[in-house]
Amino acid sequence: MQKFSIWSLLRNSVSYHEGWQKQWRSPEPKREYDVVVVGAGGHGLATAYYLAKEHGLRNVAVVERGWLGGGNTARNTTIVRSNYLWDEATQLYEKSMKLWEGLSQDINYNVMFSQRGVMNLGHSLQDMRDIQRRVNANRLNGVDAEVLSPQQIQEMLPFINLGSRYPVLGASFQRRAGVARHDAVAWGFARAADAHGVDILQNCEVKGIRREGGAVVGLDTARGFIRARKVAIVAAGHSSVLAEMAGFRLPLESHPLQALVSEPLKPIFPTVVMSNAIHAYISQSDKGDLVIGAGIDQYAGYGQRGSYHVIEGTLQAIVELFPLFSRVRMNRQWGGIVDVSPDACPIIGLTPVKGLYINCGWGTGGFKATPGSGWAMAYTVAQDRPHPLNEAFSLDRFYNGHLIDEHGAAAVAH
Ligand code: FAD
Ligand code: PYC
């Protein structure tokens, strides 16, 4: 694999950047793989990468119905944090945070991880009690967290309106949290997985999952039948569709979730601000756009678009908090399909079909988990059992009642 470094950049700059190799191959599908991962979003690509890197599995393919990274991975607002409430969730997201901190070096690809901090605003006394409790829980788990007073918030954001219809009484703040560049995450994992021999098969929709004697044997795809010893479903908003192909059901609802970006502005917004209570969050990309997101559309659906009344409510809230932005023009809007579980936590583990594994239910918050999710999923597939980090996130919890209710820390209303 061609290495990115200051020297390779310099070398290529004098030859008009014509010497760069393709970042990954586009091979024909083999007849058979040890593992096929369904879904080339960040989570699927990370799973394949860690299967190869950590577990030495090289006969691996990732099959994708469209283009790699074209699902939620390329549609999200890129917030990365690990300030969840419950021990199980905090440890999983914190594992991911640690991987983020070394990711660009590990995969030799700049994912532009920027630890500019994430603020979760409190607008009522109950919000502030919840914030105190979550900050305490985070600290007990060794995760950095602090409570900011309104004055401290105003020092960071002098133009915030603390006394609007949504009074700001304080916030939780995680300094190690921030944002990363979503496309780069998909491309970086794809390139690193490909370098380990993983075949990435785009335009290869899975249309059926073949089983024999209760075990998976392969996939019917748009590019023919592919035999597989093991299959990992990592298909986000379409997880239920794939589970149905394998004859079991998932406790998930698929909903549209949307975001929008403004025209580019000079750097003005130094951190990330989220408000669960008013369903709005905002940051500024390195290009200068304000990146703004909303809560989910309440109806279930597979249309990758959002609706106007949600945009209107979100922008109303943003302008109340930041009147300065009232004349900024919005440039683009889009939606993704998120797979929401009843306790706002993911499912990572075994399924009722032998050799078939599932990673889904990340809902509105899976981007931050991309490396950790791939790492835990790779372990689960390679060892045929969950890692202690994802043991609590099995499908069984919906039968035995050991739910991990993270609605409060999900930070986006659903
Ligand atoms: P995806 O990237 O959706 O990958 C799944 C892939 O499976 C897709 O490429 C799809 O085409 C493929 N697939 C589906 N069916 C098939 C099939 N039959 N055959 C083959 N391939 C198939 N999370 C955060 O942590 N922070 C945020 O700030 C944040 N903001 C968000 C904002 C928006 C607007 C949205 C929509 C989501 C946001 N999320 C955020 C959530 C996050 O984007 C997702 O949880 C995460 O990207 C899921 O990653 P993934 O790789 O599992 O999914
Ligand atoms: O989980 O932090 C999050 C998030 C932000 C926007 C959407 N999800």
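How much space lies in the second largest pocket? We'll get to that in the first view. This is a predicted model, in which local features need pLDDT of at least 70, side-chain atom pairs count only at pLDDT 80 or more, and totals for chains, interfaces and linings use all residues. Residues are numbered from 1 along each chain as its sequence is written, chains are lettered from A and ligands numbered from 1 in the order in which they are written, and side-chain values use heavy atoms, with hydrogens and water left out.

**View 1. The second largest pocket holds about 470 Å³ of space.** A pocket here is an open set of points on a 1 Å grid over the protein atoms alone, where a 1.4 Å probe fits, with protein on both sides within 12 Å along at least five of seven lines; lining residues have an atom within 4 Å of a point. The volume is the space filled by probe spheres set on the points, which are joined across faces, edges and corners. There are 23 lining residues, and Thr-78, Arg-181, His-182, Ser-285 and Val-291 are the closest to the centre. Elements giving two or more residues to this lining are α6 (182–195), β14 (280–284), β15 (289–296) and β16 (330–340); these are DSSP runs numbered from the N terminus, with helices (H or I) of at least four residues and strands (E) of at least two.

**View 2. Ligand 2 sits among 10 residues.** Being near means having a heavy atom within 4 Å, and the closest residues include Met-274 and Tyr-281. Look for the polar contacts (pairs of N or O atoms within 3.5 Å). A polar side-chain atom of Arg-81 is 2.7 Å from a ligand 2 oxygen, while the side chain of Lys-368 puts an N or O atom 2.5 Å from an oxygen of ligand 2.

**View 3. Ligand 1 has 36 residues around it.** Among those that come nearest are Glu-64, Thr-73 and Lys-368. A backbone N or O atom of Asn-72 is 2.8 Å from a ligand 1 oxygen, and the side chain of Thr-77 has an N or O atom 2.8 Å from an oxygen of ligand 1. Thr-364 turns up again, with a backbone N or O atom 3.1 Å from a ligand 1 nitrogen.

Technical notes. Polar contact = N/O pair within 3.5 Å; in protein donor to acceptor, adjacent residues only side chain to side chain.
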